[in-house]
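Hi everyone, thanks for coming.

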Amino acid sequence: MRESFREGWCGPIAGRGRRCGEVSKRSGMRQESSDGVAIEVEDARTNNLRGVTCRFPHGRMTVVSGVSGSGKSSLAFDTVYAEGQRRYTETLSTYARQFLQEMQRPPVGALRRMLPALALRQGNPVSNARSTVATVTEVADHLQMLFARAGEVSCRLCGGAVSRTTVADARRWLEENVPGERVLLCGVLRPDGEEEVGPLLRQLAAEGYRRLVRGGEVVELDTVGAADALGWSRLVVVLDRLKVVAGEPRLAAALEAAFAFGEGVAEVVLWDRTGEGEPAVRRFDPRFTCTACGEPHPEPIPALFKPTAALGSCPVCDGYGRTVGIDPALVVPDPRRTLKEGAVVPLAVPSASRERTALRKMCERRGVPMDVPWLAMPVASRQLVMRGDGEWGGVRGMFRRLEEDRYKPQVRIFLARFRGYSECDACEGTGLGEHARVVRVGELHIGEVLTLRVSEVREWLGGLRLPADRERALAALCREIGSRLGFLEEAGVGYLTLNRASRTLSGGEMHRVLLATSIGRTLTDTCYVLDEPTAGLHPHDTARLITLVERLRDLGNTVVIVEHDPDVLGRADHVIELGPEGGDRGGELLYEGPPGGLRGTDTPSGEMLRSRGALAGGRVAASLPRLTVRHACLHNLKDVEASFPHGMLSVVTGVSGSGKSTLVHDVLFRKLMEARGQQSSEALGPAVVDGDAFDEVVLVDQGAISRSTRSCALTFSGAYTPIRELFAETAEARQSGLKPGAFSFNTAGGRCERCEGLGVVTVEMHFMADVEIPCDVCDGRRFKDHVLRARWNGRSIADVFGMTVDEAQRFFGDRPNIVRRLEPLSRVGLGYLRLGQSTSQLSGGEGQRLKLASYVGGSGGGRHVFLFDEPTVGLHMRDVVRLVGALRLLTDAGHTVIVVEHNLDFVAACDWVVDLGPGAGPDGGSVVYEGEVGGLAECPGSRTGVHLRGMLQGGVA
Ligand SMILES: [Zn+2]
Ligand SMILES: [Zn+2]
Ligand SMILES: [Zn+2]
């Protein structure tokens, strides 16, 4: 086993060089993907794969395509990547090796010339609250280095320049400022206490020192009695007397001696500057201190700029940048109100009448308007209300006083109403200590740099003037940071701020951040397996993203992409298509070769390439009544007004970061809910929505379904109950007295208790993603043996969990109460899902379609508004057709459907479109087009329109 993989191993550890050489020799001949070195997969049988034999050429980009459920992930992730990870783990450490017998080899005949593999999956794996865009991309580490090396420090007390003085610096100062003058060069000693002074003086005399400086005069050491010196706290010892002459070697030697003496500073008494008072003294400190007031500062080393390091973190919030306190959004929930109307809720409660009076007096005193909406009040006035003005303590003062009465239950309840996270005052939300925030590069401290967008940081970096003496080293560091930021921009996420918390990124954004990071690391000879990198990306950004993936390949990596996007397919070096259907009717190799050949085949992808835009043709919607949102101003939205015809299929488009989700999710949905009496905890701005015509509002977003491992397609469909009853009626079940509950994997009784009915157990890998392995007690079958013996038409309950939705419909064909519940799943394109598939493993798109299925099955009466967020993610074009069909069932029943989407085929099939943009972040947030879909392709200012026109005219771009 070990020998055979050594042979095919081309990792960073063994065998490097030979194969990379071969790859680069061939780099000019990318078209010929059928020969040369490749990962060779022979007879792969993972999941539904039916003995697939194919190749993934080294140093090339291979796209694995096929309809949903055809086995793409089984081949790319569960076979190629799983084997790469298994072999790589084996070379890592003994710690990893103890799990190896548990990490199963994928069922594959042979897998040759494997490379160490890295996978970038969909979904956002980050849950660490401290992980940010800057830390994930390692830009944080490089910025910390830059600030440590190039930062200018100003004193935290007096603002003076803080620096370290070298011997050369001190000598240059003396030669330039007091040339030819007489000076005394002194070192400084600090006795530990009164009784120390006597012994110290004796020791100095014994070592040959003769004079001290005391009160501006030179004192002979042997004239000082121990009694005179009792109170002395510092001894300034004369080390040398000389005239400042350029190039005098004694000057440097004496400075050196002073730095090595006692306290480590040099005091130079400028003897000729005596005048009438004491002679002037110049202090030179080789340590990091303020040149004006002498306050010492810590060395600016990288750890000083890390909020997670003890040295760098803010002591108040421990580096989190926020503290538990009063949440401003809860204190002023509706910023459209004025102070008179009770904008500040805690001041508006009946028991706060004394505070209200104080507020009114403060407003008169300070000229704070009480009849202007909070939203429109100057920041300074708002701060006066919150922080007070000295005479009155403001809202915060009120809360401080209430804190003292916490023992009263009603006070605790009152405080809890407004409790939340708020920005840490001490560090202004940066999480950094004071010493880090006095270090600046190009006018900004590192905390300020981290609040900028990726694109703004690049500008800041470009405008830096680096200190001349370290310019070359620093320029290299800046280039490194600049190139990493550049990759982020190319990946289409230049609108993110560096301090954006990773866990708040969408799955697609996280994927692209990780992709950009991989390229920044410049690993070579690695096999990258990517899961739909274009998911959730506007066609405008897709082109840039493919360029980025190509760069990853050109660094000498092998790239395997699971993807449906026709534009990505068109730019692959090598294409593998699996199919023809999903589940048991898929898993066959339909095509392998260059992308050009795919178009001529009758495979699903070949058909898709020939017939793009076939879905086009919406309905006439312009004359219908509409659901309208006005004055949407949240985040980057610029007072947007948009409307959606009742009972129609509408789509909101625009490049990533243009404000689509903000409009649909944050404003439209929350405002509709607010109108139904559900108060939002966050401030939504002044938007107005007229949604009175609807009975219910349904949001189906990326997190639409439970991520619990205890929920699966079968439990979700509602067919589990009739199936359990069916099994309880079988002869075997009645014999052993099994009730329907015995066939449930969610309650103890019939299920395997080792895995608690899940069929798998999770092994924590600490340094990698957790690994799930089949349960060794039930062998993945979830139930105890006597339960599995109960069979209906020859199949056990475990066999049912293994069926796809389509198979189960055929199997239970004569049981309408079961089929009726399964049918909606295939109508939304999920016929390929296995009934036992945990919903925690579904993509965001699959989750939404599953949720959609529950409404397609019959949503009762009434008129609903449905809001979807990129439901096509993970769908093959053929299934996009099905999805549109399922959404049409909703509109045909009179419901209004609004979808955020990028998929052009989907957009073309809708009735109405609202296109936001034109760009991302601050360049977006306006309505570029609103109307029937046909008009979008003609709209010159719309980036979506340009791509839609391209697709309708010519298929693959
Ligand atoms: Zn100072
Ligand atoms: Zn803080
Ligand atoms: Zn088990």
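A word on classes: Ala, Val, Leu, Ile, Met, Phe, Trp, Tyr, Cys and Pro count as nonpolar, Asp, Glu, Lys and Arg as charged, and the others, Gly among them, as polar. On that basis, the second largest cavity is lined by five nonpolar, two polar and one charged residues. A cavity here is a set of points, on a 1 Å grid over the protein atoms alone, where a 1.4 Å probe fits but cannot get out, and lining residues have an atom within 4 Å of a point.

Please keep in mind that this is a predicted model, where local features need pLDDT of at least 70, side-chain atom pairs count only at pLDDT 80 or more, and totals for chains, interfaces and linings use all residues. Residues are numbered from 1 along each chain as written, chains are lettered from A and ligands numbered from 1 in written order, and side-chain values use heavy atoms, without hydrogens or water.

That second largest cavity holds about 40 Å³, and its lining includes Ser661, His665 and Phe868.

How big is the largest cavity? Its volume is about 340 Å³, counted as the space filled by probe spheres set on the points, which are joined across faces, edges and corners. Among its 25 lining residues, Thr534, Asp565, Thr872, His902 and Asn903 are the closest to the centre.

Now the zinc ion (ligand 2): Cys314, Cys317, Cys424 and Cys427 coordinate the zinc ion through SG at 2.2 to 2.3 Å, donors being N, O and S atoms within 2.8 Å of the metal (3.2 Å for Na, K and Ca). Both Cys317 and Cys424 are buried, meaning under 20% relative accessible area with a 1.4 Å probe, protein chains only. Thanks, all!

Methods
Buried < 20%, exposed > 50% of the residue type's maximum accessible area, 1.4 Å probe, protein only. 1 Å grid on protein atoms, 1.4 Å probe; cavity = no way out; pocket = protein on both sides within 12 Å on 5 of 7 lines; lining within 4 Å.
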